[in-house]
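Here is a short tour to read alongside the model.

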Amino acid sequence: MSNSSSSSDTKSSSDASSSDFSRTFKYLLATQLCSRGIPFIVNAVILRNFLKVEDFALYGVQFPLFVNCVLFLSREGFRRACLRQDMKSDGSSTEENIAKIMKFAWLVPPCGIIITTAASGFVFWWKGLSFSDPYGKGILITGGACILELLAEPLYILSQNLLLLKLRLAVETAATFFRCITTAILFGMQVDMEKEIIFALSQTAYGMCLFLGYWVYFLRFRPYRSSALFPFREKDKKNYDGELLKMCELFALQSCVKLILQEGQNFVLLQWATYYNQAVYGFVDNLGSLVVRMVFLPFEESTYATFARSASGKDPDKDKRLGSSLTEALKLVMLIGLIFMAFGPSYAYSLIRLVYGQKWSDGEASTALGYYCFYIIVLAMNGTSEAFVHAVAKKNQLLWSNLPSVLITIIYVVLNILLVNSAGAVGLILANSLNMILRIIYSGAFIKHYFQDSSSFSFYKCLPEGWKVLLFSGITTIISERIFLDRKNFWATFVVHFTIGVACFCTSAFVIYRHERSLINRIIPINKIFPSINRIVRFRDHSD
């Protein structure tokens with residue numbers, strides 16, 4: 001009887017964990033679809049009509065690099081540490097837990113102001129700018145936009161801990177919409193304004209919307225006392241969490257190394273590449289990473305939250321639940337990555353030609369985008385495996401992980417410098433791929449050690465069914481592009497090439513869903529949206 005009860009409890013906790021993960025992933029996916037889909041449409045219009053290829057070096061590499069460096073260094077350590085906290089595990093009240101987290105979350109704005117000032121000063125010194133230069137004005141305005149965004153960060157961290165996913169969806173969608181509207185209006189009206197100022201003002205609109213969205217919500221609509229949201233005057237130090245402070249320091253240190261790994265190619269581009277190579281890589285990275293930001297980024301965030309909550313509990317079966325969750329997560333990202341490997345290289349040229357025009361498709365961009373499709377799968381696997389490591393590793397393990405991270409960073413920077421000079425944008429993509437493979441190897445070793453006394457996880461189980469049909473589809477579409485697609489007679493030959501791709505994709509989708517429908521339905525309830533699909537699959541299974 002006790003065994004039956006234990007089995008039932010384990011199943012229910014596993015179902016609850018799966019339900020939390022599915023709900024979190026759906027909302028984060030919707031958030032990314034809105035925040036990345038809207039800019040994709042606006043950027044296509046701007047790149048086609050208003051910007052030359054070289055102008056994208058500014059729009060796609062230099063200003064985004066400044067923003068990413070400031071925001072990442074200012075908040076990543078605090079965000080990672082605070083999101084590891086389980087607000088229900090210690091028996092404290094909700095407001096006590098909120099106050100405990102907010103004491104550290106409110107350190108983000110002052111740190112951000114210091115880092116923004118230092119970064120702006122460095123750019124002025126490095127480029128020899130003055131306050132009258134358009135580039136200098138753009139940097140100052142963009143720095144102000146970063147500070148606005150960082151002032152909203154403590155409330156963002158709280159919303160994530162409270163799983164207020166609808167709030168994030170609404171706020172980030174509105175912010176993205178206003179940023180795109182600002183950019184489109186200023187370019188469309190052809191105002192007498194430098195491009196640097198236009199980009200900076202659009203970023204300011206984004207930061208202002210984030211600031212207003214989170215502050216208005218928590219000040220007007222949440223039933224929490226101000227002493228919990230702003231725990232500055234509290235003299236009682238019982239909520240002071242020394243362990244959380246140490247984790248903030250550790251993750252802040254790791255964020256410096258991670259920033260180099262994440263943005264190293266852009267640093268190399270600024271120093272050694274021409275404006276054309278910067279523009280090509282920025283274009284390919286923005287287009288190719290669309291799926292990374294729309295699908296894999298919310299997936300990584302939701303898996304990190306799920307792993308962290310599972311690891312912080314006291315359930316005796318938590319290793320079993322962690323193993324099951326990790327297996328499903330890696331299987332899903334591998335499946336999506338294999339789909340892009342199968343169809344991306346064959347249709348990279350066609351996509352760029354259709355969306356951005358011939359001035360982009362006939363250069364190096366289409367070749368680089370084809371290579372980027374192979375890079376996507378290692379990028380996705382690394383994100384999920386590192387999310388697991390950062391969620392479950394103990395403090396000493398995280399501390400020791402800095403050593404291999406530094407070694408990988410050195411190898412990565414050297415590869416970037418060597419390959420950007422010999423192969424341009426394609427060389428940077430190859431260097432990034434090797435960097436991700438090294439990081440996957442390290443994470444894989446940690447995962448293997450973590451589950452060494454358990455049979456709940458196996459790397460072999462992570463390989464999705466249907467990979468053979470995707471391999472066949474990839475070969476077929478490559479042959480189709482070589483034989484049928486004529487770039488001089490594009491529109492007539494593209495129809496044939498596209499039809500072959502659609503046939504291969506539909507066949508692959510049917511085979512994959514037939515074998516992995518339980519996994520897919522847990523993430524996306526296709527059986528509820530299209531109930532006839534399951535009847536077709538069951539009929540096929542019966543006839544086999």
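## A serine in α4

Let's begin with S120, which sits in helix α4, residues 108–127. Helices here are DSSP runs of H or I with at least four residues, strands are E runs of at least two, and both are numbered from the N terminus. S120 has a relative accessibility of 10% and counts as buried; the cut-offs are under 20% relative accessible area for buried, over 50% for exposed, and partly exposed in between, using a 1.4 Å probe and protein chains only. Setting aside neighbours within four places in sequence, S120 touches F66 and I139, where contact means heavy atoms within 4.5 Å.

A word on the source: this is a predicted model, in which local features need pLDDT of at least 70 and side-chain atom pairs count only at pLDDT 80 or more, while totals for chains, interfaces and linings use all residues. Residues are numbered from 1 along each chain as its sequence is written, and side-chain values use heavy atoms, with hydrogens and water left out.

## A glutamate in α10

Is E263 buried or exposed? With a relative accessible area of 5%, E263 is buried. This glutamate belongs to helix α10, residues 242–272.

The E263 side chain makes a polar contact with the side chain of N266 at 2.7 Å. Such a contact is a pair of N or O atoms within 3.5 Å; within protein, one must be able to donate a hydrogen and the other to accept it, and residues adjacent in sequence count only if both atoms are side-chain atoms. Beyond four places in sequence, E263 is in contact with L65 and N68.

L163 lies in the loop between α6 (153–161) and α7. Its phi is near 55°, a positive value in a residue other than glycine. Most residues other than glycine have a negative phi. L163 is partly exposed, at 22% relative accessible area.

Helix α7 (residues 165–188) packs with helix α8 (residues 195–220) at about 155°, their axes 8 Å apart. The two are therefore roughly antiparallel, a label for angles over 145 degrees. Axes are lines fitted to C-alpha atoms over the stretch in contact, with angles running from 0 to 180 degrees between N-to-C directions.

## The chain overall

The protein chain has 21 helices and zero strands. Of its 544 residues, 52% are buried. Among contacts between residues at least 6 apart in sequence, 83% join residues at least 24 apart.

Definitions and conventions:
Parallel < 35°, antiparallel > 145°, perpendicular 65-115°, else oblique.
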